Amino acid sequence: QDMGEGNDWHFFISHYQTTGGNQASNICNELEMRGLKVWYDQNADTIDEAAMKEGVQRSTVFVLFLSHKVFTRQFCQMEILEAKKAKKPVLLIREEDDRFGKFDPGNIEEFCLLTKDEEEGGISIDERRKREDFKEYAMNLYKDNEWLTWRRRKFEKDIVIGRMVDYLIKVSRESSRRRGGSKSFCGRLKAFFTNCCSQLISSSPCLIRDEMDRRHSYIEIPE
């Protein structure tokens with residue numbers, strides 16, 4: 001399947017393994033079952049910094065799974081900043097269950113708090129400035145981008161994955177227009193979308209038909 005010019009994956013999933021690892025793995029599996037290609041570190045042959053940056057650069061959509069303390073993790077910070085540098089579309093998926101590392105926007109503030117060792121040994125002005133800059137960017141990232149709530153019941157999970165596909169279609173359509181219009185990517189994603197909806201209808205007709213009506217009210221999929 002086409003990913004758009006210069007891309008090898010549809011989605012890159014950034015997450016904090018301790019509080020979001022199981023959820024990220026689940027999301028990856030659900031997307032791959034639908035034929036989409038996902039860069040997910042636990043499935044990658046190499047997971048050093050260079051490989052992560054390349055994964056971000058060569059993915060169509062950057063997905064950040066929001067769970068407890070995700071913004072405090074060094075690799076997550078690096079991936080987020082790489083997505084910013086590469087000007088990647090960002091989709092946020094938020095954990096809201098206390099049992100599984102619920103995300104609290106207040107956690108963003110924790111990034112600038114000093115550890116005990118830093119309090120004793122001090123911290124450079126440059127490092128403090130970097131933290132403040134990242135905190136501001138992280139807060140704006142959360143406020144300014146679309147986000148979905150992760151769900152665990154099958155029909156609700158299918159809706160979340162379907163909305164991810166919606167977002168991918170939207171991004172590909174905008175990218176196609178900027179490039180002057182290769183339509184094959186959008187056309188193939190439309191086929192994915194139709195197939196996903198067919199599967200959802202068979203599992204929960206009434207609820208999913210309502211969801212499909214909602215989607216069609218704002219998604220215009222190119223032929």
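Predicted model: local features only at pLDDT ≥ 70, side-chain atom pairs only at ≥ 80, totals over all residues.

Modeller: Let us begin with pairing: two strands pair if DSSP finds at least two bridges between them. Helices (H or I, at least four residues) and strands (E, at least two) are DSSP runs, numbered from the N terminus. Here an open sheet of 5 strands has the order 2-1-3-4-5, with parallel pairing. Strand 2 (38-39) and strand 5 (147-149) stand at its edges, each with a single partner strand, so one side of each lacks a neighbour in the sheet.

Colleague: How many helices and strands does the protein chain have?

Modeller: The secondary structure of the protein chain comes to 9 helices and 5 strands. From the N terminus on, the elements run β-α-β-α-β-α-β-α-α-α-β-α-α-α.

Colleague: Over how many bridges do strand 3 and strand 4 pair?

Modeller: Strand 3 (residues 59-66) and strand 4 pair in the parallel sense over 5 bridges. Leu64 has Leu92 of strand 4 as its bridge partner, and Phe65 stands opposite Ile93 in strand 4. Strand 1 and strand 3 also pair in the parallel sense over 5 bridges, with Ser14 opposite Leu64 of strand 3. Strand 4 and strand 5 are joined in the parallel sense over 3 bridges; there the bridge partner of Leu92 in strand 5 is Trp147.

Colleague: Are the residues of strand 4 buried or exposed?

Modeller: Buried means under 20% relative accessible area, exposed over 50%, and partly exposed in between (1.4 Å probe, protein chains only). In strand 4 (residues 90-94), 5 of the 5 residues are buried, so this strand is largely enclosed by the rest of the structure. Both of its faces are covered: Val90, Leu92 and Arg94 are buried on one side, and Leu91 and Ile93 on the other. Strand 3 is likewise largely enclosed, because 8 of its 8 residues are buried. Over the protein chain, buried residues make up 46% of the 223 residues.

Colleague: Which residues make the contact of helix 3 with helix 6?

Modeller: Contact means heavy atoms within 4.5 Å. Helix 3 contributes Gln77, Ile80, Leu81 and Lys84, and helix 6 contributes Phe134, Tyr137 and Leu141.

Colleague: Where does helix 7 lie?

Modeller: Helix 7 (residues 154-179) lies across strand 1 (9-14), strand 3, strand 4 and strand 5, running at about 145 degrees to strand 3.

Colleague: Which residues other than glycine have a positive phi?

Modeller: Among them is Lys69, with phi near 65 degrees. Lys69 is found in the loop between strand 3 and helix 3 and is partly exposed, with a relative accessible area of 35%. Another is Lys87, whose positive phi is about 55 degrees. Lys87 sits in the loop between helix 3 and strand 4 and is exposed, at a relative accessible area of 75%.

Colleague: Where is the place of Ser124, and what does its side chain reach?

Modeller: Ser124 is in the loop between helix 5 (116-121) and helix 6 (125-144). Its relative accessibility is 40%, so Ser124 counts as partly exposed. The side chain of Ser124 reaches the backbone nitrogen of Glu127 at 3.0 Å.

Note on methods. Residues numbered from 1 in each chain as written. Heavy atoms only, no water. Polar contact = N/O pair within 3.5 Å; in protein donor to acceptor, adjacent residues only side chain to side chain. Axes fitted to C-alpha atoms, helices over the stretch in contact; angles between N-to-C directions.
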